[in-house]
Amino acid sequence: MKRIFLMLIGLTGFSIIYTSCTKDPVNNLTADESRIYITDHDSSVNFRDYKTYSISDSVAVIENGKSFHDLNDAGQAYIDAVKKHMGQAGYQMVSRNDNPDLGVDVNHIINTFTGVISYGDYWDDYGGYWDPYYWGYPGYGYYIPYAYSVYQVSEGAVSLDILDLKNASTDHKINVVWTGLIRGSGVFNASLPTTRLKLYLTSLLI
Amino acid sequence: MKRIKKIIVGVCVMMCFALTANAQKRPLKLDLNYNYSIPFSGFKNDLVSNGSPRGFKAGLIYSFSDQLSAGLSFGFQDYYQKYPRAIYNLNKTQQISAVISNSIQTTPVLLKATYFPKPSTFLKPYVSLGAGANIIDFKQYYGEFGNSQSNVGFHAQGGLGLMIPFKKTSTSALNLGATYDYAPYKKNGYKDLNSVNIQAGIVIELK
């Protein structure tokens with residue numbers, strides 16, 4: 001009997017290690033660490049061929065396939081940061097009416113999607129997190145009369161595009177020669193461009 | 001995966017009850033060990049260099065003689081490492097700046113034999129050899145964006161250790177041991193999940 005008791009204590013301990021002590025990588029990230037910065041560019045382009053640029057005066061908000069232009073603190077912070085770092089990289093900002101070599105646009109992409117959750121599956125686990133004992137009814141079960149519920153999640157991203165305006169009339173199209181995407185927590189926070197965009201633009205773009 | 005874990009834990013508890021009931025004529029032992037794992041070779045260089053304090057090894061051992069025993073062994077180990085932000089090339093023109101987190105869980109299920117060269121001494125040194133399957137759950141995150149894949153691979157293990165009986169006549173003992181675990185993992189350019197492991201636990205005779 002004593003051995004069975006010892007065994008059960010041991011197995012319970014190992015079961016706790018097995019099911020509970022796995023580190024959750026996402027919970028172990030700060031907001032800054034959660035963000036990713038992806039860039040791509042046209043490898044046939046020599047960026048030294050471009051001297052001037054112009055940047056849009058507002059941010060294109062692209063939400064579920066529809067778009068409109070907006071300018072808030074975060075959008076302005078992105079535009080200011082791009083101006084600062086493009087200037088440091090040697091590009092001269094001009095008006096869009098002065099035939100800039102490059103055009104820069106800033107976009108805020110919001111993707112809202114809807115899903116369905118089955119309460120039956122959800123409550124199977126939920127009962128474990130809130131044992132009926134907590135409510136003063138040890139040994140009771142939960143009864144859920146509903147089958148499904150609908151939830152909605154909005155996911156945001158910021159993209160920066162650099163367009164080749166210098167050769168647009170020759171090519172009869174506007175080539176996107178560099179593009180960047182920022183995803184993760186707080187990407188449309190006004191403090192982000194000033195703290196992180198230098199790394200993003202100067203180390204990856206120029 | 002959560003359900004599989006629950007099933008494995010449940011089956012283990014049931015096996016212990018069943019074996020306890022039938023153990024009178026069988027010199028069966030239950031081996032329960034805490035395990036600290038240190039990644040080695042390709043595992044250390046490519047995926048996780050941190051040691052993992054989150055693991056255990058357990059086994060059911062049948063004694064054929066004083067010198068030789070064999071049985072079924074299984075374990076669980078959780079490996080995790082977060083690397084500082086760096087720039088990675090995704091292809092010729094695409095780059096990503098990200099904090100990469102690697103999260104790997106291994107569950108080796110092995111047939112294992114143990115040999116005691118000096119069974120009559122109080123302290124019983126032993127060597128062990130095991131081979132079987134390794135259930136691997138690998139998740140890699142760029143920032144908060146991850147992907148995961150599960151695989152079953154080969155796993156072999158060689159070890160040595162020392163059994164310290166609780167009393168001179170006791171068949172139960174304290175176990176101190178170390179193993180080298182060979183676990184090839186040829187996915188996404190990785191080579192292996194080899195590791196050096198240190199265990200401490202108990203061996204209980206099931207009567």
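**View 1. What lines the largest pocket of this predicted model**. Sort the residues of the lining of the largest pocket and you get 16 nonpolar, 17 polar and eight charged. Here Ala, Val, Leu, Ile, Met, Phe, Trp, Tyr, Cys and Pro count as nonpolar, Asp, Glu, Lys and Arg as charged, and the others, Gly among them, as polar. The lining takes in 41 residues, and nearest the centre sit Lys29(B), Ser63(B), Ser69(B), Phe116(B) and Met163(B). A pocket is an open set of points on a 1 Å grid over the protein atoms alone where a 1.4 Å probe fits, with protein on both sides within 12 Å along at least five of seven lines; lining residues have an atom within 4 Å of a point.

**View 2. The strands around the pocket**. Among the strands of chain B that each supply at least two residues of the lining are β1 (28-39), β3 (68-82) and β8 (145-165). Chain B has two helices and 10 strands in total; these are DSSP runs, numbered from the N terminus, with helices (H or I) of at least four residues and strands (E) of at least two.

View 3. Tyr62(B) has a relative accessible area of 34%, so it counts as partly exposed (buried is under 20%, exposed over 50%, partly exposed in between, with a 1.4 Å probe and protein chains only).

**Reading the labels.** Residues are numbered from 1 along each chain as its sequence is written, and chains are lettered from A in the order in which they are written. In this predicted model, local features need pLDDT of at least 70, and side-chain values use heavy atoms, leaving out hydrogens and water.

Technical notes: Predicted model: local features only at pLDDT ≥ 70, side-chain atom pairs only at ≥ 80, totals over all residues.
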